[in-house]
Each structure stands twice: as structure tokens, then as C-alpha cells.
Amino acid sequence: MIIGQNTYSFKRYRKFVLPLISLIIVTAGASFVCDATLFKLRTGILKGLAFLRFMAPPDWTAFKDMLEPALQSMLLALLGTVFGTILSVIFAMLAASNISNKWVRNTARVLIALERSVPEIIILLLLIAAFGLGATPGIISLSLGCIGMLGKLLADIIEEIDPVLIESMESLGANKMQIIWFGVIPQIIPNLISYALFRLEINIRLSVIMGAIGAGGIGYELDYSFSMLQYHRAFTAMIVVIVMIFGTERLSYLLRKKFKVEGALQ
């Protein structure tokens, strides 16, 4: 078979080759600026594996001491998700153009975007300065962190509601609160539950990190064990964290699947 002259022409593949070459150049430049090399990656992996072997075996006698902090982290994430979801629904209502006026909508959208631009860790550090160490700044930080994500997603969902539904309720004399309660809320509940469960997974991970900063819980136990050079105890805390996060993700997945099976997300 004779291969045509244009089969391997540069023009045919340039839309793939040029972006690939650009990506390689940008990646190489960024690696050079950050001083990230394959040699350092290989050395770091070998040191990390050696350190893990040094931490083994875990101190199983400390396992029972990890259960209460793990429960604290999960409750911290749960409270942050519940309060954050409530705040997100309020902000979503204000940020939806079909049930809110222009100025309120734009202001709410700006606040949601502003919150999304500030990481939860920075919010936590500011709250620790105000409230001190403990679970309270962690719960507030996780609650505020929900607004940026859930608030935007829910507001977009509300704006996609069939306008005929809202117009028909208005024609029947329904006021704004009645439209929200009987028309909007039932439309967003399935997605609200799904997104809230997904956000709970994220908050579980964040609660571990926040615990190391000062919010308490299993993150604090992990940080304390490392700082006291109790590496076997730290290994036990790491196992508890992995089990906690994996278990939460599986539970969240099963719950979301259950809603889908029952047609709640249709």
C-alpha cells in the first residue's frame, strides 16, 4: 500500500504537536525554576520508603487513644458540612438570577467568589487568632469553606430551573417565600444531598490537616507524635486517618448511589 505524501505531513498533526511541544517547554521551565529534578524525585522516594520502614511496625497499644480524636475530627467535619450547607443554600438563593434581583445577585456572586479564593487554612489561621485553639475555629472555617463550592453549584442549579414553573406560581399569586419553599427547594434537594455528601468527604480530609494546625482531633495526634519523635505512634495515627477517610468515601459513595437508584437525582 502506497502511503500518500500528506499522511505524515506536519500540517496534519501540528494541532497536536505544537500544544505538546509548548507543554513540554513550560513544564521544563517550571521544573527548572522550582529546582525540581528527576534525581531529587528519585532520592526523595527512596528516603520516604526508608522512613516508612523505620516507622513500622505501628504502635497498636496507641490505637485506642486514637479513636476519640478520630471521632472528634469526623464530628468537626460533619458540623462544618451541616452549617456550611445551610449557609450555602441561603447564598445560592441570593445568587440565583431567577429568584433574586440584579444587585443582590451580583453581590452574592462576588461574596461566593471571594470566599472561594481564600483557602480554608488561611481562614482557620485568622479564626485561631480571634477564637484561640480548638474545634470552634475549625468548624467555622469548614462552614465558610462550603459556601464557595456549594453556593456556586446550587445557584447555578437554581438558575436552570424551568422558568415556566416560577412564572406559573407567580401567576397564581404565590409570594417569593412560597416560590422558594414549594417551587425551588424540591427541585434542588437531590443535588443538594449529593453535593453535601461530596463536600463532607472533602471536609473529612481538611479536618485532619486543620487538626495539625490547632483544631484538635486526629490531626493533632499525628502532629504531636511526629514532633515527639514517636514514629510508631504516628504510624498508627496514619492508619487511623486512612481508614477514616476511606470509610467515609465508601459510605458517601453508597449513599449517593442509593439516591440514584431510587431516582432521587433524576
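The model is predicted. Ser73 is a buried residue of helix H3, and helices H6 and H8 pack with their axes coming within 9 Å. UniProt, in an unreviewed entry, gives the feature "transmembrane region" for six residue ranges, among them 179–198 and 204–222.

**Ser73**
- Helix H3 spans residues 63–95 and contains Ser73.
- The relative accessibility of Ser73 is 2%, and because buried means under 20%, Ser73 counts as buried.
- Leaving aside residues up to four places away in sequence, Ser73 touches Ser207, Gly216, Gly217, Ile218, Gly219 and Met244.

**Annotated transmembrane regions**
- The UniProt record places the feature at residues 16–39, 74–96, 117–133, 179–198, 204–222 and 234–255.
- Residues 179–198 are 100% helix and 0% strand, with 27 Å between the end C-alpha atoms.
- Residues 204–222 are 89% helix and 0% strand, and here the end C-alpha atoms are 15 Å apart.

**Helices H6 and H8**
- Two packed helices are described by the angle between their axes and the distance between the axes.
- Helix H6 covers residues 135–159 and helix H8 covers residues 176–215; their axes come within 9 Å and cross at roughly 150°.
- Angles over 145 degrees count as roughly antiparallel, and H6 and H8 are therefore roughly antiparallel to each other.
- The crossing of H6 and H8 is right-handed.
- In the contact of H6 with H8, 19 residues are nonpolar, six are polar and one is charged.

Notes
Residues are numbered from 1 along each chain as its sequence is written. This is a predicted model: local features need pLDDT of at least 70, side-chain atom pairs count only at pLDDT 80 or more; totals for chains, interfaces and linings use all residues. Side-chain values use heavy atoms; hydrogens and water are left out. Helices (H or I, at least four residues) and strands (E, at least two) are DSSP runs, numbered from the N terminus. Buried means under 20% relative accessible area, exposed over 50%, partly exposed in between (1.4 Å probe, protein chains only). Contact means heavy atoms within 4.5 Å. UniProt positions are given in the numbering used here, feature names are shortened, and annotations may be inferred rather than shown by experiment. Axes are lines fitted to C-alpha atoms, for helices over the stretch in contact, and angles run from 0 to 180 degrees between N-to-C directions. Angles under 35 degrees count as roughly parallel, over 145 as roughly antiparallel, 65 to 115 as roughly perpendicular and the rest as oblique. A crossing is left-handed if the near helix is turned anticlockwise from the far one by less than a right angle, and right-handed if clockwise. Ala, Val, Leu, Ile, Met, Phe, Trp, Tyr, Cys and Pro count as nonpolar, Asp, Glu, Lys and Arg as charged, and the others, Gly among them, as polar.
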